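Open the model in your viewer and keep the selection panel at hand. The stops below say what to select and what is there.

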Amino acid sequence: AAWVEYYPGDVDTFISRAFWRDGVDRSRYDLTFYFDRSDSPWTEEALRRVHAAGFSAVEMRDPAAQAGLALADIWALLGAALQQKRKAPLWLRLFELQFETLVACWAAIFARHHVKLLVQHQEKSWKSQAQAQALEQAGGIMLGVHWSLTPFDEQTFDLTPQHVYFVWGEESRRWLHAKGHSCRHVLPCGVWIEPTPQWPLRRDKLKSGLSFMLAVFDSSYGYNIHHSGEQMALFLDRVLALHESHGTWGAVFKPKSTQSWSLLPGGPRLLARVAALEAEGRVLVAQRETSPVTAAEACDLTVCYSVNSAGIVIGAHGGRAVHWDCSGWLDHPFYADRDQKFFYPSLEEMLAAVEAAAAGDRSVGDFSRWRGKIDAFGDGRAAERVGGFVASYLDRTSSGTPALRALDEAAAEYRARLGLDAAPAGQKL
């Protein structure tokens, strides 16, 4: 079996961490979403979507209950904890006992369900390391992918303990190593976020004769990621004002959630302005499931709040996008490129660039010099590559090859097929 940690967007949207699924022979291997988080409720609607996508589902929010450890196993864990010779405070001993108990529970679960591969992506705490160790004990591995780019090295609690981790390209590889990780293999696959023809835009709702189209992307915000709701409200207010001042412009807004806009300072008023522009036929609000690539393909320029991963994906796909660097990441590698016109430290500079683009300046938002840094291959075949890797690994384990050796062999085959530099297992590339 190959298990994927369930997240609502993972089943049938552009952000699915099971994007590689078509590369695996489902007549031979069971692909399963496992529900292990309280914010991923086990509901009839969730199960309907999972089964419609051809996956099985398993409820794992209480691994201790699901593991079915024998009393002898529990006593062994307690005995091992009591036999520790080194001095340590009680809280640390209790934490270590909790960790080892979780490893034992997950190992029993993985062994019972014959889990050879687990894609774990939402849990960033120490519990992910317990799962990785449990997989090794049960004869499996953990696989990881990223779905965004961050301008800073994340907090150390994001452990990245996956045995193999797929990055889009050199820039995401640089971030991973700067942050730190314990991955056995780090492999490039290219950008895997693609258009979503199954979630098209309703362009028939736009009036005819629009001279310039903007795609507008918001982002998450929070003080722990160095920008705030006040900044996002300012961004939306100023972009809307610019749009309102040009009667022949149109826009596609691609919000993470318009409900969150209502919580912003002046949020209800922002929503009312968007609704008024919708009524005029000058704005579309894309569905949450619609890929940002689909939204941008309908527009001349993408305008992004913050250092925006979706906007960078647009650039990697060959589109034009501008970003307001509201946090002031002045040491970001993008600023080393003195000729770039997509990354702006002030909102006024970014809005002036939008005006220049509307007047015909094709250099605004041009990401061509950076595409190769973000996307290692630039051919839209990331799903094929990762799916082929997963199939190669699973085929080896099903023929009796131990998991870590199967991983090393599949990684070596992947590198050879793509002409990548060889690297020994365990080297942190």
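Begin with the charged side chains: across the whole structure, a search finds 20 salt bridges. The model is a predicted one, with a mean pLDDT of 91 over the chain and 96% of residues at 70 or more.

**Stop 1: Arg28 and Asp395**

Select Arg28 and Asp395, whose side chains form a salt bridge with an N to O distance of 2.9 Å. Which parts does the pair tie together? Arg28 sits in the loop between strand E1 (2-5) and strand E2 (31-35), while Asp395 belongs to helix H14, so the bridge links parts that are 367 residues apart in sequence. Arg28 has a relative accessibility of 49%, so it counts as partly exposed. Asp395 is partly exposed too, with a relative accessible area of 32%.

**Stop 2: Asp379 and Arg385**

Next select Asp379 and Arg385, another salt bridge, at 2.4 Å from N to O. Are these two residues buried or partly exposed? Asp379 is partly exposed, at 37% relative accessibility. Arg385 counts as buried because its relative accessibility is 8%, and the cut-off for buried is under 20%.

**Stop 3**

Now select Glu409 together with Arg396; their closest N and O atoms are 3.0 Å apart, and the two form a salt bridge. Glu409 is in helix H15 and Arg396 in helix H14, so this pair ties together parts 13 residues apart in sequence. Glu409 is partly exposed, at 31% relative accessibility.

**Stop 4: helix H15**

Select residues 403-418, which make up helix H15. From first C-alpha to last, this helix of 16 residues reaches 22 Å, close to the 22 Å expected at 1.5 Å a residue. Which residues of H15 are buried? They are Ala403, Ala406, Leu407, Ala410, Ala411, Tyr414 and Arg415. These residues lie on the same side of H15, because they cover an arc of only 165° around the axis.

To see what covers the buried residues, show strand E5 (141-145), strand E6 (164-167), strand E7 (185-188) and helix H14 (382-398), which are among the covering elements. Then step just past the end of H15 to Gly419, which has a positive phi of about 70°.

**Stop 5: helix H12**

Move to residues 347-358, helix H12. Its 12 residues should span 16 Å at 1.5 Å a residue, and the end C-alpha atoms, 17 Å apart, agree with that. Colour Leu347, Met350, Leu351, Ala353, Val354 and Ala357, the buried residues of H12. Why do they fall on the same side of the helix? Their arc around the axis is only 155°, which puts them there.

What do the buried residues of H12 pack against? Show helix H7 (229-244) along with strands E8 (212-217), E9 (249-254), E11 (301-305), E12 (321-324) and E13 (343-344). Just after H12, select Gly360, where phi is positive, at about 115°.

**Last stop: residues 424-429**

Finish by selecting residues 424-429, where pLDDT stays under 50. The model has 14 contacts for this stretch beyond four places in sequence. Where pLDDT is low, the predicted coordinates should not be read in detail.

Terms used
Residues numbered from 1 in each chain as written. Predicted model: local features only at pLDDT ≥ 70, side-chain atom pairs only at ≥ 80, totals over all residues. Heavy atoms only, no water. Helix = DSSP H or I, 4+ residues; strand = E, 2+ residues; numbered from the N terminus. Expected span 1.5 Å × (residues − 1). Buried < 20%, exposed > 50% of the residue type's maximum accessible area, 1.4 Å probe, protein only. Arc of directions from axis to C-beta. Contact = heavy atoms within 4.5 Å. pLDDT = per-residue confidence, 0-100. Salt bridge = Lys/Arg side-chain N within 4 Å of Asp/Glu carboxyl O.
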